[in-house]
Amino acid sequence: MVFRKPPDGGWGWVIVVVSFFTQFLCYGSPLAVGVLYLEWLDAFGEGKGKTAWVGSLANGIGLLASPVCSICVSSFGARPVAIFSGFMVAGGLMMSSFAPNIYFLYVSYGIVVGLGCGLLYTATVTITCQYFDKRRGLALGLISTGSSVGLFIYAALQRELIELYGLDGCLLIVGALSLNILACGSLMRPLESPSSPPPEKTCVDKVPDQYFVYHEKEKTAEENISILEKGYIDEKCINNVPDCKQESILSKNVLSSINISEKDTYKKKVVEQTNFCKQLAKRKWQLYLTYWKETMVLFKSKVFSALFVAILLFDIGGFPPSLLMEDVARSANISEDDYYMPLISIIGIMTTVGKLILGILADFKWVNTLYLYVTTLLMTGVALFAIPFAKSYLTLAMLSGTLGFLTGNWSIFPYVTTKTVGIEKLTHAYGILMFFAGLGNSLGPPIVGWFYDWTQEYDTAFYFSGFCVLLGGFLLLLAALPCWNACTNQSSKLPPNTYSYKVASNA
């Protein structure tokens, strides 16, 4: 497929709008799942840890399956994937309204909705990058706010729908709203040249076709041999029965000599095909070996290894508040009269603000993006430690806003990854980091829920979450210090394209 040069405008702004609404519609309910979490606790009577798996799977499975999502978008295109994923998200939400137990929700809401969101995220980012080059950062920043706005609106919307129509009615209505993703997906027109000629077949495609054509010829020749042989033998057997067996042998020799040139050609083609398959398998194996060698080179960088640990620990400890903050408020016996706005809505709107402000700060040359990211991690850890001391709606709202703002560090994470490994290895490194981020998203809320089931209070759970985030932040800070890099460079030389933060921070 041949693509035109990105227009940086025109229909691209339509792509930005529909991608914004796509992320708004698909991520609104999974990110605001904390409202549904309370209802599932009351409806099924399961433990907090077991119930938290539903929301954690919905938010983590898309990141865990990011390699599969990328392959699907590359193979089928953004528009078909977006339309298909719209059916997945809407169907999963509607099926969840008929869930008889928590295990059904693991599949319908956790896996089906989560995988649909992962596919839609990959499709929206891919199609936006195709339409924008110079303004790609602005376009990606605009569509990424769709999920945060969805969190803000869906938290209040789902709460209101539950009061009016119950949990089942809420999921049905939210699922029906998600069908609008189909209309958004249909507008994701691929940026390809209509006059481009169809691509020629590669050698991989041509060789089997040649083989099958020749195979048919060989089969026809063998049939002709058998027909001639049968007719010649029958005639001789009728005239002279004793010589029938001898004539049959002679006829086989004569007829086989006629076809000897075609058989030689066939053998030559088989040998060529076998050698081609061996070379292809060898090339694939070399690609796998190269991938693992490049992965090992990435982990030889102290900063990247620390970044890998930091993102895993951050998602284990930093994601649970967006899911469990509503239950924290209920456990603190906060009156509904003092409940002016859902805490999850505050997290959502402040996440949008955080993405914009931190993204703007990262563009300043005098700002070290890695140290900025480390600062957000350390402040997040301190805010998590403060949650057990919050006993009023006002203090919980302030902490929710702080955590939401700091969670906006997702907008600068690609900057940090690029500075750490270089633009050449960004795709490889970012895929690895996102996989473990999804793992942290999936494990964080159940771990916090299990702590509650064990201790019957959230204090220990949030101390654990704060410790995880602080540990990741301190490890990343230690790895990024110039003195540590100086000692590392004296003992071992970094491989090409591997990042030395002391040098890059001055660029």
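1. Let's start at S400, which sits in helix α16 (residues 393-407). Helices here are DSSP runs of H or I with at least four residues, strands are E runs of at least two, and both are numbered from the N terminus. Just so you know, this is a predicted model: local features need pLDDT of at least 70, side-chain atom pairs count only at pLDDT 80 or more, and totals for chains, interfaces and linings use all residues. Residues are numbered from 1 along each chain as its sequence is written, and side-chain values use heavy atoms, with hydrogens and water left out.

2. Is S400 buried or exposed? S400 is buried, with a relative accessible area of 0%. Buried means under 20% relative accessible area, exposed means over 50%, and partly exposed is in between (1.4 Å probe, protein chains only).

3. Now see what S400 touches. Leaving aside neighbours within four places in sequence, S400 is in contact (heavy atoms within 4.5 Å) with M325, L343, I346 and I347.

4. You can check the length of α13 (residues 320-331) yourself. After α13 comes N333, whose phi is positive, near 60 degrees.

5. Next, the cysteines. How many disulfides are there? A disulfide is a pair of cysteine sulfur atoms within 2.5 Å, and by this rule the count is zero. For C26, the closest cysteine sulfur belongs to C117 and is 4.3 Å away, too far for a bond. C26 is buried, at 1% relative accessible area. For C69, the closest cysteine sulfur is in C72, at 6.5 Å, so that is too far for a bond as well. C69 also counts as buried, with 1% relative accessibility.

6. Finally, zoom out to the chain. Its secondary structure comes to 21 helices and zero strands. Of its 507 residues, 46% are buried. Among contacts with a separation of 6 or more, 83% are between residues 24 or more positions apart. The chain exposes about 25400 Å² (Shrake-Rupley method, 1.4 Å probe; for residues, only the protein chains shown count as cover), and carbon and sulfur atoms supply 67% of that area.
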